[in-house]
Every structure is written in structure tokens, then in C-alpha cells.
Amino acid sequence: MQSGSQSASSVVRECLARIERDNPKINALTQVFAREALSRAAEIDDAIVRGVPVGPLAGVPIAVKENICTTLGQTTCASRMLANYASPFDATVVERLHAAGAIIIAKANMDEFAMGSSTEHSLFGPTRNPHDLLRVPGGSSGGSAAAVASGLVPVALGSDTGGSIRQPASHCGVVGLKPTYGRVSRWGLVAYASSLDQIGPLARTVEDAALVTRVIAGHDPRDSTSSHALASDLAITPFDGPWSVCVPREGRGEGLSPGVAAAMDEAIARCRAAGATIIDVDLPHAGHAIAAYYLIATAEASSNLARFDGIRYGHRASANGDGPPITDLDMLYRLSRSQGLGREVQKRIMLGTYALSSGYYDAYYQTALKVRRLIKQDYDRALAAGRTAAGGAASGHAVVLMPASPGPAFAIGSKTSDPLAMYLEDVFTVGVNLAGLPAITVPIDTERAGTAALPIGVQIIAGALDERTMLRAADRIASPCPTAAR
Amino acid sequence: MSRDHTSPPAASPAAAAPALSEQDVRHIARLARLAPSDDEVARYRTDLAAILSYVDRLRAVDLAGVEPMATPLEMTGPMERDEPRDGLARQALLGMAPAIDDVYIKVPKVLGGEGAGGA
């Protein structure tokens, strides 16, 4: 763009044309800001002509998930509760994208309040997988993944609380990066589970994902959990020493689809060919991750979503419906919440409320927090063993290789009735959030299902703030994004 | 909103797999300020019972001497300088509220009584 080979305006016009043509089929984007994007592109083209410095993302159109606050349009969280909510501020990540010259062109579909793994539970209706329109794109950042996979935008932001960037990236055949907890400011991200939530990019290459992460990372005084670590190491550099890849037995066991098992083998072979030492490791508590995750995430959600009370913003129950009259404040709260929030969201709020309630707090919430520490220690031990195998802590680098999901994208509607089937989609991703580690999904191969070729990605996990090693490994093994049929 | 941490549901937390009753679900819904219909209560009971039975596996983990981990950061609360900063404008904040009257947010009667009141 800065070389002048293509103007920002022409890039935006091309994106808008693709969105108009293909978005109705996949329903990935919920709001499109055509006028604003074109006017912003004209400003950037003008700046380039005048020789004014523009940022590293100058003229790059980006879609932003519906739970990230933008002053453009609405920030709905794909919920009736926030259907008309216009944020009076931009999230820190959006401010940083603007400052880097990026163009916010659209909002992306998601599961309501990021609670889901399929992007089926949305105010806007389901998003479809561009590789097979009868299948889900994964979730909850399914709109972001599908938009990038179908070429509507080159990059999109998602959020990842238990796999919501990495699992849809795998199902749609794109790169999805969840940074270390604290790398990226959460200010302006509508909170689901504050100790797990992290914003990250979905892109077509590891390099693009790294670049966007570098732009949005860094300390923000408005998020006290954001790290002071410098973002400059969020770049792809060649390995400067031996490295090893830890393969957990838990990630090669039963329950994987043939395509996922083959993609793991292929990824291991590519790592070996790239010079890595491969070691087998155990994550003994991995089997408890889903249980711990759903107690911790829902406990935090029950507190975070208490703010939706029909008073300060969002849906407010009115007495002129067919429901009971609203006689007091408590009834206004209860009716506003029950009308505004979807069933899955209410279910998770109740689960979290139960886990935190008197008499159950120790048995559920505290127990889950202890298991969380054991899960983190499993990863620490595995990575330490990997560094030792690669030549010792001083020079060795290590990553963990895992499937991103037990299978390829599943059929729309096939997991909506069983409450546990959907949760188990996240079996390989939630541990990373509990431990706060960085992880990236990269495309490896596809799995045949009828006439469709369904993408399969794998996950590379590194130690906290060690995105550098994660990116190096990811860049060595990623396949190009498979092309989605039109 | 405040949450009432008192009066737990009747089921015993020591039991292996808690049998969740519809009354328990109504109690949780009240704590969470939700108003499910009777049909919904029945469905939530089924779903929540299945999930609780699944998470019961955590009871088998040996947790002796393990400290709870509430956040990956494990830092102590960072102190901020106590300097005034601009907040959002009053009009921007009022503009988000579903029911306002001049510079006030309207709510129904807070204490007892009948009928939806004004500000």
C-alpha cells in the first residue's frame, strides 16, 4: 500500500464489492461501514500522496467482532440486550488500529456474549462456513473467521475466552492468534470472563497475525491487567538456537477425527523437517480442563453480566407487553434480563451463580481454581522438559503442539440440543486460557466430507509472553489458507 | 445489582452428584435476577443437572496443598497515581440509558408499594 501499488480506496472498494456479493451467503459480517471506510481510505491515500507518515496498517480494511466497542455503528454482542447499544468510545484496540492506519470496515458476527463454539446463537442468525454452507464456522468468533476465510476482509479481530479465536480459525482454514493473557488491553471488550478473555487477530498468514498483534499489544493504563512487556518481539524471526516441540499424549488420543489425527502427524513431520526435536509429554490434568473452565468462566460471567439490568443501557422490559406488570425495581431487572439475554447466556449465568453461591463456593468455584493451577503447572512442566530437550533453559526454545478441535466443522444444528457436546468442542483450547498462555492456530490440511474439503488447523502453544517462539514455529509449519469455494 | 449469598438451595454440597430440583433452579434464577417461565425452569434444570454431573469429576482430583489460581497474572494490585482524568460526558452516558427524564435515569419504585413509579 505504502509503495503506491494499490490505493487504499481501491482496496476498500474491492472489499465492499466482495462483501456485497458473498456476505449474504455466509452472514459473517453484521454491519458494514461503507461510507466511513471510503472516506477514511481517501484520507490515507491523501496522506501517502502528501508524504505524511502513515502507520504499518495503512489502508488495511479490518472487521471487528461485535463485542469490541466501536463508536461506529452498534456494539451488540449479538444479543437482543444490546441490539441498540451505540458505544460512546472506541476500545483501546480500535484506537490503536486507527492510529496504525487501519480501516474499520465492518462488525463481525459471534455467539451471543461470546458464549458458544458455533456462531449459531446470534441475534443476527447463524454464520455459515465458507467451505461448506451447511456447516458452522466454529465460534464464538465465527463471523471474523468466516469473513477472513472468504476474503471479505484480509484481517479481523476476535476474542478468545476458551478457544473462540483458535477453534473457528481451524474450522475456516485461517490463522488465529490468542496472545498471552495481558498482552492486549481488554478495555472496550465487553467482558465475558475477565481472567480468561483476550483479544487477537484472525488473518490469512502468520505474518499478518503477528503484525496486527504488534499494533494492538502493549500496556494500557485503562486495563490494569495489561502487560508492560514490549510488543517489539511480536515478529517472525529465524530460530537462533535449538527448539523442541512437545506433543501431549492427550492430543493424540482417541476421539480425534481422521483428518485431525493426520494433520497432527503432518505438523509433527514439518516441525521435525524444520529442525525441531520432538518429545512426548503428559498433561495429566487436561481431562479436567473443560469442567474447571465452565465453572470459572460462568462464575466470572455471572458477575460481569450483572451490569445488564435494564437501567443504564441495553434492553429494558416494558409493561405494555403481554407479561406481568412491572411493579418494582427487582421485577424490572428480572424481566429485562430474561427478555434481553438468550437461553445459553442465562444458563451460564445461572451455572456461575450456583458455583459462587453460599454452600457451593468451595465445592465448585474454589475447586476449579485449584485445578486451574494444576493445569498451568502441567504446561509449565511440559515446556520446561521441551527446553531441556532442546539444549537447556538458557538457549533452548519449546512449544506445545495440540489439535485445535477434535474434528472439522460440524453441521449447523447438530450440537445445539446436547449441552455438553458443544462444550467439548473446546477440549483442546480452554487449558491455554486457564493458564494464560499464548497460542496460535495455523491451517495444515483439509478433511474430505462429501464434496467439501473441510480445513483442519493445529495449535501451537508457548510459554507466557513467549510469542516469539510461538510465531517462529507457526511460520515454519503453516500451510497456505485453503481456498473457500464460491 | 447486589447478589444474595445467603440461603443456599436445599441439596447438600457433600453429595456425590447434586440432584437439582426445579425449586433450586428458581432460587438460582432469583439470585441471578432472572425470571424464567415454568417451561424454561424445567429445561434449565435438565441442562444444569447434566453440566453439574459432568463437572463432578473435579472431586476426584487430589488438591491437597494446591493454592487456588484466580488469574494467570498473580500480581498484586498495581497502584495508580491518584490523578483526575476526563471521564465520559454526562450526555453520552445518559444517551445510553433506555429511560431518562432530563438529567435523571428513570426507574420504577425501589421500595415496596405498587405501580411503576417515575424518577
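Domain bounds here come from an automatic or database domain assignment. Keep in mind, too, that you're looking at a predicted model.

**Stop 1: the two domains of chain A.** Select residues 8-233 of chain A and colour them; that's domain 1. Now give residues 292-362 of chain A another colour, and you have domain 2. Going by C-alpha atoms, the centres of domain 1 and domain 2 of chain A are 27 Å apart.

Next, look at where they touch. Domain 1 of chain A puts 18 residues into the contact, and domain 2 of chain A puts in 17. What sort of residues does domain 1 of chain A bring to its side of the contact? You'll find nine nonpolar, seven polar and two charged ones there.

**Stop 2: a helix pair in chain A.** Select residues 8-26 of chain A for helix α1, then residues 34-50 for helix α2. Their axes come within 8 Å and cross at roughly 160 degrees. Angles over 145 degrees count as roughly antiparallel, and α1(A) and α2(A) are therefore roughly antiparallel to each other.

Show the side chains where the helices meet. From α1(A), pick A:Ala8, A:Ser9, A:Val12 and A:Leu16. Facing them from α2(A) are residues including A:Ala37, A:Leu38, A:Ala41 and A:Asp45. By class, this contact between α1(A) and α2(A) has nine nonpolar residues, one polar and one charged.

**Stop 3: chain B.** Of the 119 residues in chain B, 20% are buried. Finally, take the chain B contacts between residues at least 6 apart in sequence: 24% of them join residues at least 24 apart.

Terms used: Residues are numbered from 1 along each chain as its sequence is written. Chains are lettered from A and ligands numbered from 1 in the order in which they are written. This is a predicted model: local features need pLDDT of at least 70, side-chain atom pairs count only at pLDDT 80 or more; totals for chains, interfaces and linings use all residues. Two residues are in contact if their C-beta atoms, placed from the backbone, lie within 7 Å. Ala, Val, Leu, Ile, Met, Phe, Trp, Tyr, Cys and Pro count as nonpolar, Asp, Glu, Lys and Arg as charged, and the others, Gly among them, as polar. A residue is buried if 20 or more other C-beta atoms lie within 10 Å of its own, exposed if 12 or fewer, and partly exposed in between; C-beta atoms are placed from the backbone. Axes are lines fitted to C-alpha atoms, for helices over the stretch in contact, and angles run from 0 to 180 degrees between N-to-C directions. Helices (H or I, at least four residues) and strands (E, at least two) are DSSP runs, numbered from the N terminus. Angles under 35 degrees count as roughly parallel, over 145 as roughly antiparallel, 65 to 115 as roughly perpendicular and the rest as oblique.
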